[in-house]
Amino acid sequence: MFARDIMDTRFHTVRPTHTIAEAVRAFETATIEERKRVYGLMVTDEQDRLVGMLSMYDILLFIQPKQVHLWDEMEDFEPGSLFDELLDRVKAIQVCDIMTTEVVTIKPDTHVIVIADLMIKRHIRRLPVVDGKDVVGIVYISGLFNHLMRKFL
Amino acid sequence: MLVKEVMRCQIIQLPTTAYLSKGINHLIKHKINALLVTDEVRNPVGVVSKTDLVGAFYGGLSIDSVLGDIMYGPPLTCYPDDELETSLDVMRTHGVHQLYVRGADPSSLDGMLSYTDVVVFLHRYCRSCPKSTSRKRGPSDLQEEGQHFTVKEVMTASVVSYREEDPLVEVIDGLMDHHVGAILIRDSQGLARGVISKTDLVAAYHHGMSLNVEARSIMNAPVISCDQRALLDEAIRLMLLKDVHRVFANSGDPSQITGVLSLSDAARIRSGSCRACVSSRIIPKG
């Protein structure tokens, strides 16, 4: 059993030049169309080549103040309005500024055991499937899990 | 006080062959001022800072150049058991915002020391002190005591500013000429309208913008400022919580800027935020 047998061939992408607001809307669209919560999107350039991945984690990491541990030590501090200002700063950046550029990919003929191993060892929830330079699908950990468990049960 | 008490262990590094675009991605994503650059066997060979990237933007270097083309090296280093005072002097003398910390293995680095780390340390120290402003009734009582530093006493009173319609190339000229981390942007009436930092310029470079676009197109607004009579401790807290490297000081009216206080200013006074520590100093002379 290989990646091609379990991958989703319908996938959603964003461009490196998209704003974070556009990326958030793409997350919402993908979630509605796929009828499941989509937490990460592939980033592709004008030639549809994969150049990165953008996850909700990447966006949250950017919004999160670097010295957030100090907030817990400040009982006299009200974080409400400050957090709104921190959210506001995403307006100045694009997907290319915070996407993950070191993307682990698999091929259509990668075996599911190898895929499971990659996902477990490297804590990856989604793997783009690339054939040459073309993105042909994506394998989600839920897809892999459901496939394996279906056989088991 | 020793470096090992303040340093942090995480170092963001990339190889000399990584593209500038990837370096900028890492600087913005991790909110850092500089990247450690390594050779093919992961030995540290140089550093690329936001200043270097702004220089590359100014010089018209392609974003597809590699970090090895603009890095300076070798990285400036210190040891975990060095006196913090000595290391801060090295940072000031060389005009850098970070030092890398050497470990037992001479070919590797175990961590780094930045102005932010020093200020966070001082801030925590001051908050745990019985004289901390957070334990007092209100700022006015404290100022009457005259014990605590105010922003005005520590800030840099000269502020470099440009107009909203000035091109980025002139803003960069101002940054370079005055060796500052950010430029205040004023409107035609001279009122403070926004700020352009090195991070904004590096992002503009990454986004393929021209050096001729107007300052207003990338400035951050409104200006983050505080009253120059505010306590230093409050201004430091504002910078740390808002994730900014400087806060502008105003005369009471936010559009009338009178100075700027940076994290490096706050780190350089070394005695925390009140005079109680001046004689002994939290970070004593080495």
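Start where the two chains meet: 18 residues of chain A are in contact with 17 residues of chain B, contact being C-beta atoms, placed from the backbone, within 7 Å. Before you click further, note that this is a predicted model, in which local features need pLDDT of at least 70, side-chain atom pairs count only at pLDDT 80 or more, and totals for chains, interfaces and linings use all residues. Residues are numbered from 1 along each chain as its sequence is written, while chains are lettered from A and ligands numbered from 1 in the order in which they are written.

Now select α4 (80-88) and α5 (95-98) of chain A, which each supply at least two residues of the side that touches chain B. Helices here are DSSP runs of H or I, at least four residues, and strands are runs of E, at least two, numbered from the N terminus. That side of chain A has 10 nonpolar, three polar and five charged residues. Nonpolar covers Ala, Val, Leu, Ile, Met, Phe, Trp, Tyr, Cys and Pro; charged is Asp, Glu, Lys and Arg; the others, Gly among them, are polar.

Next, color chain B by domain: domain 1 is 3-118 and domain 2 is 120-269, with bounds from an automatic or database domain assignment. Their C-alpha centres lie 24 Å apart. The contact takes 21 residues from domain 1 of chain B and 19 residues from domain 2 of chain B. Which element gives the largest share of the domain 1 side? Select α2(B), which contributes six residues.

Stay in chain B and pick strand β6 (residues 109-114). Five of its six residues are buried, so β6(B) is largely enclosed by the rest of the structure; buried means 20 or more other C-beta atoms within 10 Å of the residue's own, with C-beta atoms placed from the backbone. To see one bridge, show Arg102(B) and its partner, Leu109(B).

Last stop: an open sheet of three strands, ordered β10-β11-β12 (chain B), with mixed pairing. β10 (225-227) and β12 (257-262) of chain B are at the edges with a single partner strand each, so one side of each has no neighbour in the sheet. For a bridge between β10(B) and β11(B), which pair in the parallel sense, show Asp227(B) and Asn250(B).

Key
A residue is buried if 20 or more other C-beta atoms lie within 10 Å of its own, exposed if 12 or fewer, and partly exposed in between; C-beta atoms are placed from the backbone. Two strands pair if DSSP finds at least two bridges between them.
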